[in-house]
Structure formats: C-alpha cells, structure tokens
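Subject: Structure handover

Hello,

Here is the structure I said I would pass on. My notes on it follow below.

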Amino acid sequence: RWAVIYSTTDWWTTCTGNSSGFGSEDPLWLARFASSPGTLPGGWGFYTIWQYADSGTFPGDQDVFNGSSARLSALALNT
C-alpha cells in the first residue's frame, strides 16, 4: 500500500526542495483553497484528491476525488 501524501505545493517546495521522488507511486492529496488546483508539487502529473476549501456545502473539509467511484474504491481497498 502506498502512502497518500497530503500537502500544499508551497510546503512541499519549501520543505523538500520540490522533491519528485514520491510522485510516481504515492497518491497526492493536494490542499489548495482556490478555484483550481494550480501548480502541483514536483513529480506529480495529477492530484488524486484536492481539498479546495475548509468549509462549505458539506460539514468539514471540501474535497474532490480525481477519478471514478471505481478508482476511489480501488484506492481505499488497495486493489
């Protein structure tokens, strides 16, 4: 099972030197409170989950999964 990396692009760049060593296998959970995900951290060509707000329509964080419900199940079940 690969670890899901939760980060902002700014934190990742500042604290890891924008390392690209994790993007090929570890899913990215991007935190960016904006209307678009913007520039991704080094090594990732796409985000798996994007946290776009900390409040809104639903209680708690507002997140979107980048894929189908089948892919979300595969991520959760490690299949």
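Is Gln-51 buried or exposed? Gln-51 is buried, at a relative accessible area of 3%; buried stands for under 20% relative accessible area, exposed for over 50%, and partly exposed for what lies in between, with a 1.4 Å probe and protein chains only.

Before the rest, two notes on the source. This is a predicted model, in which local features need pLDDT of at least 70 and side-chain atom pairs count only at pLDDT 80 or more, while totals for chains, interfaces and linings use all residues. Residues are numbered from 1 along each chain as its sequence is written, and side-chain values use heavy atoms, with hydrogens and water left out.

The strand around Gln-51

Gln-51 belongs to strand β3. Helices (H or I, at least four residues) and strands (E, at least two) are DSSP runs, numbered from the N terminus. Strand β3 covers residues 49-53, and four of its five residues are buried, so the rest of the structure largely encloses it. Setting aside neighbours within four places in sequence, Gln-51 has contacts (heavy atoms within 4.5 Å) that include Tyr-6, Trp-29, Leu-30 and Asp-63.

Strand β3 has pairing partners, where two strands pair if DSSP finds at least two bridges between them. With strand β2 (residues 28-31), β3 pairs in the parallel sense over three bridges; Leu-30 stands opposite Trp-50 there. With strand β4 (residues 62-65), β3 runs antiparallel and is joined by four bridges. Ile-49 has Phe-65 of β4 as its bridge partner.

The largest pocket

A pocket is defined on a 1 Å grid over the protein atoms alone, as an open set of points where a 1.4 Å probe fits, with protein on both sides within 12 Å along at least five of seven lines; lining residues have an atom within 4 Å of a point. The largest pocket holds about 400 Å³ of space, the volume being the space filled by probe spheres set on the points, which are joined across faces, edges and corners. Its lining has 21 residues, and Glu-25, Pro-27, Thr-48, Arg-71 and Leu-75 are those nearest its centre. Helix α2 (residues 69-77) gives the most to this lining, with three residues. By type, the lining of the largest pocket has ten nonpolar, seven polar and four charged residues. Here Ala, Val, Leu, Ile, Met, Phe, Trp, Tyr, Cys and Pro count as nonpolar, Asp, Glu, Lys and Arg as charged, and the others, Gly among them, as polar.

Aromatic residues

There are six aromatic pairs in the structure. One of them is Trp-11 with Trp-12, a tilted pair at 6.3 Å centre to centre and 50° between the planes. Rings of Phe, Tyr and Trp (its six-membered ring) pair if their centres lie within 6.5 Å; planes under 30 degrees apart count as stacked, over 60 as edge-to-face and the rest as tilted. Trp-11 is partly exposed, at 44% relative accessible area, whereas Trp-12 is buried, at 5%. Trp-11 and Trp-12 form one aromatic cluster with Phe-22 and Trp-44.

Two asparagines

Most residues other than glycine have a negative phi. Asn-18 has a positive phi, near 60°, and sits in the loop between α1 (9-16) and β2. Asn-78, in the segment after α2, also has a positive phi, of about 55°. Asn-18 is partly exposed at 31%, and Asn-78 is partly exposed at 42%.

Regards
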